[in-house]
Structure formats: C-alpha cells, structure tokens
Amino acid sequence: MTDTAEWREAPEESGAGRSAVRRVPQAPDRDIPVRGRAGESAGEQRQGYRPLWVEEPARRHPLPDPVRTAAVRAVLVVAVTLIQAMVAFLCTMAESWLAFPMVISSVASTLVATWAVADVWVTRQVWNQRYGVVSEPSSTARSLRRERRARRRQERAAQREQERIRRRGGAGQLSHS
C-alpha cells in the first residue's frame, strides 16, 4: 500500500450508482498505529488506526423476502435430512433395531428436502416473473409496466387537452349548452 489515500469506485452491478470509499493506510493490527512522522499530535496519530470494518456497497441486491424464506427453510430441511441419514448409517453399522425406521424416515426426508430445494427455485422464478424484469420478451412484469406507462401517457394527454380547451375559454366547441 502507498502512504497516500486510495479511492476505489464501487461496481455498478447493484444499480445503486457510484460511490467512493476513502481508504487509509492500514496497519497490521488495529491496535498498532501506522508509522507516523515525527511531530504528529495524538489526534493525527489516532486517525492512522485501522477501523474494525469498512462499509462496501453490495455487489448484488439481497434476495427478496419470499425467496430468502424458502431458502432458509430448504437449508434447515436439508441439514436435518443429512443428520438423519448419518444416524441411519450409524444405526445400520451398529446393527441397532432403530436402523430400519431411520432408513425409512431418511428416504421420506430426502423427498421433503428435494421438494424444499425445488420450492426455492420455483419461488425465485415466480418472484422474478411478477416483480422483476427478466431479459426475455415474455416477461409479464415488462408488459405490465409498458401498459401502465401507456395509460399514464393517455391520461396526461387528456389533461393537457382539457387545460388547452379551458384556456381558450371554450372556443372551438361546436355547440354551447
């Protein structure tokens, strides 16, 4: 690292815009100050300490709530299934009476775990189709936004027309009632 401050720009993948993060020279440990010049005051030396963490912009958007919920559920189900399979294996090796019920329940748990993982994929696809613009011509979200924009355009054009008629004082009407 150099002794000068470095500027790093965030990647634009997140769509949140560009931001700059100021980097200071870092010491090997946060309790050890960076080598300072002679004559620096205590306040100037204090700035040389490495912070506990540096905020960096997210590279990607976080998962939507329904997808995150399904993913957490799937991880828990898969973890329980793996533990159950390991217990079934150990019971089989020990020739315990519990081996047969554990193997049967492990097979059932495997089916449930497969469903849970498929649920994450389906939930993600449904969320993208409803709320995200997927780069496909068949995206429902894109067509809904296009229709909404067209409707707003028509409403604004009608309002402008009404304003124009009011400004003229009704001139241009074929009949007066």
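Modeller: Start with pLDDT, the predictor's confidence in each residue, from 0 to 100. This is a predicted model, where local features need pLDDT of at least 70, side-chain atom pairs count only at pLDDT 80 or more, and totals for chains, interfaces and linings use all residues. Residues are numbered from 1 along each chain as its sequence is written, and side-chain values use heavy atoms, leaving out hydrogens and water.

Biologist: OK, what pLDDT does the protein average?
Modeller: The average is 77, and 65% of the residues score at least 70.

Biologist: Which elements have the lowest and highest mean pLDDT?
Modeller: Strand 1 (residues 6–9) is lowest with 43, while helix 2 (residues 65–93) is highest with 95. Helices (H or I, at least four residues) and strands (E, at least two) are DSSP runs, numbered from the N terminus.

Biologist: Switching topic, how many salt bridges are there?
Modeller: The count is 4, taking a side-chain nitrogen of Lys or Arg within 4 Å of a carboxyl oxygen of Asp or Glu. One of them joins Arg68 and Asp65, with the closest N and O atoms 2.3 Å apart.

Biologist: Where do those two sit relative to each other?
Modeller: Arg68 and Asp65 are 3 residues apart in helix 2, so about one helical turn separates them.
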